[in-house]
Amino acid sequence: MRNTKAFKEAVAQTLAELARRGVTFAPATVEDTIEKQITTVSERLGIQVRSAWRYFDASVTADRLAQSVASYEESSSEKGVGQAPMPPIDNPELALVLAGVPDSLAQTGGDLYAVIINVAVNAWMAGHIHGEDGCTGCDGSRGPAGHDWETRMRTITELQPNITKWFDRDVWTRAVNDAGYTVTRR
């Protein structure tokens with residue numbers, strides 16, 4: 001279905017309608033939505049996929065997607081759900097996570113998935129360490145600082161005294177470039 005002219009036109013029209021509404025979606029999300037709609041219409045009406053296209057309306061699809069975004073934002077703000085708090089700029093563990101990206105890119109040969117997994121695991125562990133200092137399951141797993149978060153931060157800072165440099169976008173970008181990689185948009 002995705003290789004048909006009708007599908008490609010439907011995606012382009014829906015993305016244009018979304019742009020008119022000031023809503024941004026990744027093309028892959030729009031593609032998945034349209035494919036699901038056409039398949040559902042085809043199955044429910046017992047018709048072929050190519051016949052289901054006569055029921056497609058890019059404007060209606062864009063309205064539903066935009067409404068979905070608005071509904072999500074509204075429900076999130078009602079419940080007090082917001083953006084997670086960022087640690088302070090001088091947080092040593094965040095600096096280590098940021099500093100690890102260029103090295104991880106070089107070690108994995110540019111495997112972005114592996115880099116993201118590495119960052120996510122390190123960030124999760126940092127949150128675990130900060131948020132669950134009394135975790136009995138982690139006894140003996142945190143090195144000489146143990147469960148004392150302040151001691152752990154001091155130890156990291158002693159190992160890497162210039163942690164604030166990793167919060168400078170230019171320094172980080174240079175380190176990624178020095179590893180032989182660059183991030184560009186297609």
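This tour moves through a predicted model in a series of selections, from the whole chain to single residues.

**The whole chain**

Begin by displaying the entire chain as a cartoon. The chain contains eight helices and zero strands. Followed along the sequence, its pattern reads α-α-α-α-α-α-α-α. Next, switch to a surface display. Of the 186 residues in the chain, 26% are buried. Contacts may also be considered by their separation in sequence: among those between residues at least 6 apart, 57% join residues at least 24 apart.

**Helix 5 and helix 8**

Return to the cartoon and select residues 92-108, which form helix 5, together with residues 169-178, which form helix 8. How many Å apart are the axes of these two helices? The axes lie 8 Å apart, and the helices pack at an angle of about 15 degrees. Because angles under 35 degrees count as roughly parallel, helix 5 is described as roughly parallel to helix 8. The crossing of the two helices is right-handed.

Now show the side chains where the two helices meet. On helix 5, select Leu98, Val101, Pro102 and Leu105. On helix 8, select Trp172, Ala175 and Val176. These residues make the contact between the helices. Which classes of residue are present there? The contact of helix 5 with helix 8 has seven nonpolar residues, no polar residues and no charged residues.

**Ser104**

Remain on helix 5 and select Ser104, which lies within that helix. Is Ser104 buried or exposed? Its relative accessibility is 5%, and since buried means under 20%, Ser104 counts as buried.

**Pro27**

Finally, go to helix 2, which covers residues 27-45, and select Pro27. Pro27 has a relative accessibility of 45%, so it counts as partly exposed.

Terms used:
Residues numbered from 1 in each chain as written. Predicted model: local features only at pLDDT ≥ 70, side-chain atom pairs only at ≥ 80, totals over all residues. Heavy atoms only, no water. Axes fitted to C-alpha atoms, helices over the stretch in contact; angles between N-to-C directions. Helix = DSSP H or I, 4+ residues; strand = E, 2+ residues; numbered from the N terminus. Parallel < 35°, antiparallel > 145°, perpendicular 65-115°, else oblique. Left-handed = near helix turned anticlockwise from the far one by under 90°. Contact = heavy atoms within 4.5 Å. Nonpolar A, V, L, I, M, F, W, Y, C, P; charged D, E, K, R; others polar. Buried < 20%, exposed > 50% of the residue type's maximum accessible area, 1.4 Å probe, protein only.
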